[in-house]
Each structure stands twice: as structure tokens, then as C-alpha cells.
Amino acid sequence: MEFSLKLGFWWLSCFVLGVAAAKESQDDVIVLEDFSNPKHTWTEMNDPVMGGKSTGTFTIDDGLGKFEGHVVDVPFLHAPGFIQSRTTDRVVFPDISTCRALQVVAKSLSDYDGYRISFGNAHAPGGKFFAYGYKANLVIDTSDAFVTVTIPLTDFTDFWDDATGDPIHTCQEDSTYCPDEMTLRNVKRLAVWGEGKAGHVDLQIQTIQAVGCGAE
């Protein structure tokens, strides 16, 4: 009888701990966009600067955000332009000010290394004229399978080169350029880019979310 009671308490403890762990895991993640049930309107924009000729499309289909196109040189600049897919509505984003990173679940069907992701509309003091928002590289290898890419918020900066998308001053160098609390409370805009590298863009996205939320 005593053994049965101990075994029962052991199983109950395991169940409670499992539920707590599952809840903690769920609380750790805040979804910004899930393309199986999108909350936002997404619009694709091509490079308009100096007669840019990069072109692309963005569609939501089969539970995926599908970003496809070609980044080519801007003739006047003799350097690659950009294509961008971004949210264009005023739907409020959830507060991610307690989170540590952004996470993208996606796959790239093309060998392209110019993916970027940005959020917000912040403009760094002394920053480039067209450089608005906090931006980071989205490094994703070509694959037929979906992968999870985690980008620490400290990898984002609002001081980046509007000609290439590359950072000029980083958050690690100076906290002035780190995502601020006001932006994190409602990022207002999300954008995915093909930028600064000529090539074929073919990215399929399942979700964009914040992780490490509420962690001390």
C-alpha cells in the first residue's frame, strides 16, 4: 500500500512538472506573425531608388508567406538594390519588451545570402537618410526543410547603411543603437528583405516570433 501511494505521488509530481514546463515553454514565446493564420497585411516593395530594377512578389498561400524575386544592380549605382516585404496595416503587435530574441521558422529554396529582417521605424541620430527601423541579417542556408533561425535582439541596430543594408554601428558597440523599449512594446512594422546582394530570392516563412520572453 505504501509503495503504491509513493508511486502515485511520483506520477502526479511528474505530471505537474510536465504541465508547468509546457506552460513555461508557451509563455516563453510571443508570436508576431503566423502565416497559417495571418494577423497583418503584407505588401511587397521593389527598389525605387535611382531607377532600381529589382523585382519581387509576396503571397500568402498554404500557410506560408512566400517571398520571391530577383535583386539586381541599380544601373546608376552599379550596386545591388533591394526588394522588401513588410506589414502595412495598423494592427497593434504584442509587447515583446521582455524578450531576448526574434525567431524565424522558414526555408530558403535559393542560394541567397542577402536576407535581412527589420522591425519598427526608429531612426538613429546621425543615421542614413532612408535607414528606418532596427535591422539584422537573416542567415538561412538553402534547404528543402524548414529551419528555425534565432536572432538575439542585440544583433539589431537602427544605424545601418541604406545603400547596402549592412550595419554601420552595432548595438554591441553602443546601446544607443539597440532596440528601445517603446519600439519593443509595439514594433508597428515587420519587414523581410533581399538586400545588398544580387541574386534570386525564394524564401518561405511559417512564423516570426519573439522568444526568451519574461526570462530574467
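Reader: What is the lining of the largest pocket by class?
Author: In this predicted model, the lining of the largest pocket has 13 nonpolar, 6 polar and 5 charged residues.

Reader: What volume does the largest pocket have?
Author: About 470 Å³. Of the 24 residues lining that pocket, Phe82, Phe130, Trp160, Asp162 and Trp193 are the closest to its centre.

Reader: Which strands each supply at least two residues of that lining?
Author: Strand 7 and strand 14 (190–195).

Reader: And the second largest pocket, how much space is in there?
Author: About 170 Å³. The second largest pocket is lined by 14 residues, and the closest to its centre are Asp113, Gly114, Tyr115, Leu138 and Val139. By class, its lining has 5 nonpolar, 3 polar and 6 charged residues.

Reader: Switching to disulfides. How many does the structure hold?
Author: There are 2. One joins cysteine 99 to cysteine 213, with an S to S distance of 2.0 Å. Cysteine 171 and cysteine 178 form a disulfide with their sulfur atoms 1.9 Å apart.

Reader: Where do cysteine 99 and cysteine 213 sit in the chain?
Author: Cysteine 99 is in the loop between strand 7 (82–87) and strand 8 (101–108), while cysteine 213 is in the segment after strand 15 (199–211). The pair is 114 residues apart and links distant parts of the chain.

Reader: Buried or exposed, cysteine 99 and cysteine 213?
Author: Both are buried. Cysteine 171 and cysteine 178 are buried too.

Reader: Why is the disulfide of cysteine 171 and cysteine 178 right-handed?
Author: Because the torsion about its S-S bond is about 90°. The link of cysteine 99 and cysteine 213 is also right-handed, with 105° about the S-S bond.

Reader: What is the pairing in sequence order?
Author: With the bonded cysteines of the protein chain numbered that way, 1-4, 2-3.

Methods
Residues numbered from 1 in each chain as written. Predicted model: local features only at pLDDT ≥ 70, side-chain atom pairs only at ≥ 80, totals over all residues. Heavy atoms only, no water. Disulfide = S-S within 2.5 Å. Helix = DSSP H or I, 4+ residues; strand = E, 2+ residues; numbered from the N terminus. Buried < 20%, exposed > 50% of the residue type's maximum accessible area, 1.4 Å probe, protein only. 1 Å grid on protein atoms, 1.4 Å probe; cavity = no way out; pocket = protein on both sides within 12 Å on 5 of 7 lines; lining within 4 Å. Points joined across faces, edges and corners; volume = space filled by probe spheres on them. Nonpolar A, V, L, I, M, F, W, Y, C, P; charged D, E, K, R; others polar.
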